[in-house]
Amino acid sequence: MRTRTNDLILQTITTVVAFIIILFSLSLFFAGHYNPGGGFVGGLMTSGAIVLLLLAYDIKTVASILPIDYKILIAVGLLFAVGTGAGALIFNVPFLTHAYDYFYLPLLGKTSLHTAVLFDTGVYLVVIGVTMTIIQTIGESE
Amino acid sequence: MLEIIIQITLVCVSLSMLGFLYRVIKGPTTPDRVVALDAIGMGLVAIIALISLILDTFAFLDVILLIGILAFIGTVAFSKFLEKGEIIERERDY
């Protein structure tokens, strides 16, 4: 049941809205330490933006826009999480001990940088990878 | 005074969501149900805004934007399924 249709309105809206969704997901991700949010819901929103691109275009176009193998993204995310935990062993403290300090960044001023953000980056990448692998695998099968 | 107004508004939004629910159950065609579900999502947004006013907190404002985005993506996916028979195309030839 294929009909030839013109999705001009959907594609135009998607080009604008996908960027807003990605910005919102990044805001959720970086707000996770002090406000509601974090790596999980941020990753889900980013994959929601990619799903919107998949809805407006097709799998081949999105693969040429974002040439990412999502299974490798899962591995990189797990590497971030384990690496953050193992990095604590170098400083002779227990596994997964986090550290933070205050730095003076050029534009942001006094900022606290925490290694939990690196762990959260791992969660973020794994959530994007798992969600997009599931959706693309189901979408490609006939 | 504001408390009473918020509670009256909550009752009104709940009644409108009952009307949408009637359309979801009764709706003769599938597009009727999809539009009613989208409107239920917007009613949820209104209820969350009113409840965050009652609880006097900023913690739920992310949820409002989240429900708006999810309702949009869900409605687009459902309408694409109704129109084309598949949600994610592998490759379009036009």
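**Entry 1: the interface of chains A and B**

By class, the side of chain B that touches chain A holds 13 nonpolar, ten charged and no polar residues. I used these classes: Ala, Val, Leu, Ile, Met, Phe, Trp, Tyr, Cys and Pro are nonpolar, Asp, Glu, Lys and Arg are charged, and the others, Gly among them, are polar.

I note that this is a predicted model, in which local features need pLDDT of at least 70, side-chain atom pairs count only at pLDDT 80 or more, and totals for chains, interfaces and linings use all residues. Residues are numbered from 1 along each chain as its sequence is written, chains are lettered from A in the order in which they are written, and side-chain values use heavy atoms, with hydrogens and water left out.

I then looked up the extent of the contact (heavy atoms within 4.5 Å). Chain A contributes 30 residues and chain B 23 residues. The buried area, which is the accessible area (1.4 Å probe) lost by two parts on being put together and summed over both, is about 2,500 Å², with 61% of it on carbon and sulfur atoms.

I searched for salt bridges (a side-chain nitrogen of Lys or Arg within 4 Å of a carboxyl oxygen of Asp or Glu) and found one across this interface. B:Lys84 pairs with A:Asp7 in a salt bridge, with 2.9 Å between the closest N and O atoms.

**Entry 2: B:Glu89**

I located B:Glu89 in the segment after helix H3 (61–84) of chain B. Helices are DSSP runs (H or I, at least four residues), and strands are runs of E of at least two, numbered from the N terminus. The side chain of B:Glu89 makes a polar contact of 3.1 Å with that of B:Lys80. B:Glu89 has a relative accessible area of 2%, so I class this residue as buried (under 20%; exposed is over 50%, partly exposed in between; 1.4 Å probe, protein chains only).

**Entry 3: A:Gly139**

I found A:Gly139 in helix H5 (residues 116–140) of chain A. Leaving out residues up to four places away in sequence, A:Gly139 touches A:Ile59 and B:Ile88. I also checked A:Leu54, 85 residues from A:Gly139 along the chain; their C-alpha atoms are 9.6 Å apart.

Terms used. A polar contact is a pair of N or O atoms within 3.5 Å; within protein, one must be able to donate a hydrogen and the other to accept it, and residues adjacent in sequence count only if both atoms are side-chain atoms.
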